[in-house]
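Open your viewer and get ready to click along. Each stop gives you something to select and says what is there.

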Amino acid sequence: MERTIELPRGRVTPLLFGIQDANLRYLEAQLGVRIRTHDTTVTVLGEPEPTALTVRLLEGATGLLEAGIRLEPADFGFLLRLLENGEELHPQTMLAERIAVPSQKRFVSPKSLGQRRYLQAIRQHDIVIGIGPAGTGKTYLAMAMAVEGLERKAFSRIILARPAVEAGEKLGFLPGDLLEKVNPYLRPLYDALYDMLDFDKAQRLIERGAIEVAPLAFMRGRTLNDSFIILDEAQNATVEQMKMFLTRLGFYSKAVITGDVTQVDLPSGKDSGLIQIQHILQGIDGIDFVYFSERDVVRHPLVQEIVKAYNRYEQRLESAGSQRAS
């Protein structure tokens, strides 16, 4: 089957094609079609269904670009999955899903169906638990929502917490004061924060107490009102720490808990609070669980393949163990 479409002249077409036609090459690889271009004319050749899907995606993406929505290469995978899911690429819907942040990025948008579901959950619930592999945007999107909430004064402060479990009992042997000792374990939170805010503004907010970055242990005994709270790497929170954290939530606050239950670094004999709360908190109004998969990985394409490979390896180990047991 062959379909030809005419695209508008101007800056939209180069943005649609991508650098060295990278977006078109991606669609060819994903859908098994061939795409030929001549000026603003695009011809798609292939089987009827993938050809029609490619044309719909190109036309829909063109409409988004004309509406001022910036598309990155990773967005095309998301748009493709939306169409495969039976949805339409309406500019107004996509605009409504963007998160406004005061950095040069200006907006952060979901790049997978899992990320979209995650943002919807954060908007609708007071406690959201995001569980899944690295690279799925769990912490990054939560940080964007927190910064947006602080900017529009929905919250008076952001609190970012992380277990310093990697240090164990060795913090006393590290050089420097307490802040210097725990900072290496909090570095990923600072990295995400500085991607949303310019460095000077972030520092002013930290000095003013509007943004606080601290080890999880520092939450004990506090009541956190009017705050957006993020607990990162929550798989390394013990059962006791998780209960302590959850009971810190005060009035007009929101908490997002993120982690990967396959990456628990707790000492032997210590259970993960993140694993346990899945059996305790399911079904409570105001609390939502969002699970990510390798399809939601938005880092380098190889990261998605690495996650898949590890999943296959672990499944083989489980299968071999079951066979030995029987």
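Start by selecting Glu97: at 10% relative accessibility, this residue counts as buried (buried means under 20% relative accessible area, exposed over 50%, partly exposed in between, with a 1.4 Å probe and protein chains only). Arg116 sits in helix H6 and Glu97 in helix H5 (residues 91-97), so the partners are 19 residues apart (helices, H or I with at least four residues, and strands, E with at least two, are DSSP runs numbered from the N terminus).

A word on the model: it is predicted, so local features need pLDDT of at least 70 and side-chain atom pairs pLDDT 80 or more, while totals for chains, interfaces and linings use all residues. Residues are numbered from 1 along each chain as its sequence is written, and side-chain values use heavy atoms, leaving out hydrogens and water.

Next, select Lys111 and Asp75. Their closest N and O atoms are 2.9 Å apart, in another salt bridge. Lys111 lies in the loop between strand S5 (107-108) and helix H6 (113-124) and Asp75 in helix H4 (residues 73-84), so the pair ties together parts 36 residues apart in sequence. Are Lys111 and Asp75 buried or exposed? Both are buried.

For a contrast, go to Arg9 and Asp39, whose salt bridge has its closest N and O atoms 2.8 Å apart. Arg9 is in the loop between strand S1 (2-6) and helix H1 (12-17), and Asp39 in the loop between strand S2 (34-38) and strand S3 (41-45). Here Arg9 is exposed at 63% relative accessible area, and Asp39 is partly exposed at 48%. The count for the protein comes to 13 salt bridges.

Now select helix H10 (residues 239-246) and show its buried residues: Met242, Met244, Phe245 and Leu246. What do they pack against? Look for strand S6 (127-131), strand S9 (227-231), strand S10 (254-259) and helix H11 (273-280), with contact meaning heavy atoms within 4.5 Å.

Finish by zooming out. The secondary structure comes to twelve helices and eleven strands, and 47% of the 326 residues count as buried. The C-alpha atoms fill a box of roughly 65 × 60 × 40 Å, taken along the principal axes.

Technical notes. A salt bridge is a side-chain nitrogen of Lys or Arg within 4 Å of a carboxyl oxygen of Asp or Glu.
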